[in-house]
Amino acid sequence: MLIVTDATIANRGVLETRSLPKKFLGRVQLVPHRGGLRLWARLIVEIQILRYLSALLPFVVIPLMSRDLALPVTQAPLAMLIVIAFVEMKVLRLSKAGRARAVDADEAARRLDALAFRARATLRRIAARHEIAEGALRLVIEQSELARIAPLTLVSVQTDQPVPRLLSLDEGDRAILRDGIFDAELTERDLLAVNHRDDRYIRDIAQEARAVSAHARLAAALEKRQAAG
C-alpha cells in the first residue's frame, strides 16, 4: 500500500486536482519520496510502454541468436501485436469469467461493508486530528487492475474544502491508515478480488466532518499534546 500525500511523493505536482476523486493509475506516474525495491518494481510494471517492450523482447533476442530468423521475425508486426495482446489480456488480466470467479457476491458484499466501516473510522480520526469541522473527507482507494502479480494499492485522503485537494498527512495520519484499513482479515488482495468481480478499481468512501464526535476530537487533541510533550 502506498499512501499518496505530499510527504510520500517526490513529484508533488501530480497531486494537484480540480475534481474529486483524484485518480492516478494510467494518468500520471507517481515517484515515491521513499520506498523499497518491491514498491519501485511494482510501480515500474504499471508503465505500459515498458510492459510492451518486455513482451517484445523475444523479437529482439531471436534475431541475435539466428541470422536465418532475423528477417522473418523483424518483419512480423502482426505477431508482435498478438504477443502484446496475449500478455496484456491473458497473462496480466483476468477474463470476464475469471473475474466472476474471484469471489462470490455475498463475500464481496461483506468485504465492502468491512472496508466502508474501517474507512469511515479512520477518516473520523484524521478529521479530528486536523480539526476539520466542515465538508467531507473522502478515503480514495485505487488499485491496479493487473492480476497474478502483487497488488498495487494507492490510498489517499481527499477533500473539497476549501478547494478540491489531497489532504496533507503526517506520520500519525499515515499510521492510522496503515493500521486501520488492511489486516489479515481484509487484505489488499481480498479487496482486489472484489474489484475484479465488479470491474471497478477505485473505491471512494466519504465521511462528513460534522459527524465526528466531541469525544473523538478531544482524544485527538490529547494524543497530539502527548506526542508534542
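How many helices and strands does the protein have? I looked it up: 10 helices and five strands. Helices here are DSSP runs of H or I with at least four residues, strands are runs of E with at least two, and both are numbered from the N terminus.

**Ground rules.** I'm working with a predicted model, where local features need pLDDT of at least 70, side-chain atom pairs count only at pLDDT 80 or more, and totals for chains, interfaces and linings use all residues. Residues are numbered from 1 along each chain as its sequence is written, and side-chain values use heavy atoms, with hydrogens and water left out.

**Overall.** I checked the extent of the protein first: along the principal axes, its C-alpha atoms fill a box of roughly 75 × 40 × 30 Å. Next I looked up burial, and 38% of the 229 residues count as buried. Buried means under 20% relative accessible area, exposed means over 50%, and partly exposed is in between (1.4 Å probe, protein chains only). I also looked at contacts, meaning heavy atoms within 4.5 Å. Of the contacts with a separation of 6 or more, 71% are between residues 24 or more positions apart.

**Helix pairs.** Two packed helices are described by the angle between their axes and the distance between the axes. The axes are lines fitted to C-alpha atoms, for helices over the stretch in contact, and angles run from 0 to 180 degrees between N-to-C directions. Angles under 35 degrees count as roughly parallel, over 145 as roughly antiparallel, 65 to 115 as roughly perpendicular, and the rest as oblique. For handedness, a crossing is left-handed if the near helix is turned anticlockwise from the far one by less than a right angle, and right-handed if clockwise.

*H7 and H9.* I started with H7 (residues 105–129) and H9 (residues 188–198), which pack at about 120 degrees with axes 10 Å apart. That angle makes them oblique to each other, and their crossing is left-handed. On the H7 side I found Ala105, Ala108, Arg111, Leu112 and Leu115, which meet Asp190, Leu191, Ala193, Val194, Arg197 and Asp198 of H9. Sorted by class, this contact has seven nonpolar, no polar and four charged residues. The classes go like this: Ala, Val, Leu, Ile, Met, Phe, Trp, Tyr, Cys and Pro are nonpolar, Asp, Glu, Lys and Arg are charged, and the others, Gly among them, are polar.

*H7 and H8.* H7 also packs with H8 (residues 171–180), at about 165 degrees and with axes 10 Å apart. I noted this pair as roughly antiparallel, with a right-handed crossing. Arg118, Thr122, Arg125, Ile126 and Arg129 of H7 meet Gly172, Asp173, Ile176, Leu177 and Gly180 of H8. Here the tally is three nonpolar, three polar and four charged residues.

*H2 and H5.* H2 (residues 48–55) and H5 (residues 77–91) pack at about 120 degrees, with axes 9 Å apart. They are oblique, and H2 passes H5 in a right-handed crossing. H2 brings Arg51, Tyr52 and Ala55 to the contact, while H5 brings Val83, Ile84, Val87 and Glu88. I get five nonpolar, no polar and two charged residues for this contact.

**Salt bridges.** How many salt bridges does the structure hold? There are 14, each one a side-chain nitrogen of Lys or Arg within 4 Å of a carboxyl oxygen of Asp or Glu. I looked up three.

- Arg110 and Glu107 meet at 2.8 Å, N to O. They sit three residues apart in H7, so about one helical turn separates them. Arg110 is partly exposed at 42%, and Glu107 is partly exposed at 22%.
- Glu171 and Arg178 meet at 2.3 Å, N to O. Both ends are partly exposed, Glu171 at 42% and Arg178 at 39%.
- Arg210 and Glu208 meet at 3.8 Å, N to O. Arg210 is exposed at 61%, whereas Glu208 is partly exposed at 38%.

I also found a network: Arg51, Glu88, Arg93 and Glu145 are joined by salt bridges that share partners.

**Arg217.** Where is Arg217 placed? I found Arg217 in H10 (residues 214–228), partly exposed at 24%. Leaving out residues up to four places away in sequence, Arg217 touches Ala127, Ala128, Glu131, Ile132, Ala133, Ala209 and Val212. Last, I checked Arg217 against Arg101: 116 residues apart in sequence, and 43 Å apart in space, C-alpha to C-alpha.
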